[in-house]
Amino acid sequence: MAQLLGHVNELVETLDELRVRREELKEEILDEEEERYRIQQELDTLNERLQRVNDVIQRGLVERKELDKTIQETEHTKNKIVESFKTLLQVLQRESQYHIPEQ
């Protein structure tokens, strides 16, 4: 009988230890869930920032492409003007050879 009582006491101690471990585990789980929530909030914030940065980059790329096109068109126009000016100078030089000023 004493032996049976010893086994029952061991069983009660084991149950108490299991309950204590269950409470510890419950607290650990709650802590981890809070950490998960905090990380998810940070992740959401970072994702929003990432989207804003991506939008700024995309707008910058579009603007840069437009500027590249404008620069290219402007350089082409400038080159045409320079060529026209050279041609005009050549014509004026030829014409000036034929017109001798009157004295």
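Is Arg19 buried, partly exposed or exposed? I looked it up, and Arg19 is partly exposed, at a relative accessible area of 44%. For the record, buried means under 20% relative accessible area, exposed means over 50%, and partly exposed is in between, with a 1.4 Å probe and protein chains only.

**Ground rules.** I am working with a predicted model, where local features need pLDDT of at least 70, side-chain atom pairs count only at pLDDT 80 or more, and totals for chains, interfaces and linings use all residues. Residues are numbered from 1 along each chain as its sequence is written, and side-chain values use heavy atoms, with hydrogens and water left out.

**Overall form.** I checked the secondary structure and found one helix and zero strands in the protein chain. The radius of gyration is 44 Å, well over the 13 Å that the globule rule gives for 103 residues, so the chain is more spread out than a compact globule. (That radius is taken over C-alpha atoms, and the rule is 2.2 Å times the number of residues to the power 0.38.) Helices are DSSP runs of H or I with at least four residues, strands are runs of E with at least two, and both are numbered from the N terminus. Along the principal axes, the C-alpha atoms fill a box of roughly 150 × 20 × 15 Å. I also asked about burial: 0% of the 103 residues count as buried. The chain exposes about 10,300 Å², and carbon and sulfur atoms supply 57% of that area. Accessible areas come from the Shrake-Rupley method with a 1.4 Å probe; for residues, only the protein chains shown count as cover.

**Salt bridges.** How many salt bridges does a search of the whole structure find? I got six, taking a salt bridge as a side-chain nitrogen of Lys or Arg within 4 Å of a carboxyl oxygen of Asp or Glu.

- Asp16 pairs with Arg19, with the closest N and O atoms 3.7 Å apart. Both lie in helix H1 (residues 2-98), three residues apart, about one turn of the helix. Asp16 is partly exposed at 40%.
- Arg21 pairs with Glu24, again with 3.7 Å between the closest N and O atoms. These two are three residues apart in helix H1, so about one helical turn separates them. Arg21 is partly exposed at 39%, and so is Glu24 at 41%. I noted that Arg21, Glu24 and Glu28 are linked in a network of salt bridges.
- Arg38 meets Glu42 at 2.2 Å, N to O. They sit four residues apart in helix H1, about one helical turn. Arg38 counts as partly exposed at 38%, and Glu42 does at 40%.

**Patches.** Patches are made of residues with over 30% relative accessible area and no salt bridge; like charges are joined within 9 Å, and nonpolar side chains (Val, Leu, Ile, Met, Phe, Trp, Tyr) within 5 Å.

Which residues make the nonpolar surface patch? Met1, Leu4, Leu5, Val8 and Val12 do, over about 540 Å². Leu4 lies in helix H1 and is exposed at 54%.

A patch of negative charge gathers Glu23, Glu27, Asp31, Glu32, Glu33 and Glu34. Here Asp and Glu count as negative and Lys and Arg as positive, while His and the chain ends are not counted. The place of a charge is NZ of Lys, CZ of Arg, CG of Asp or CD of Glu. Glu34 is in helix H1 and is exposed at 55%.
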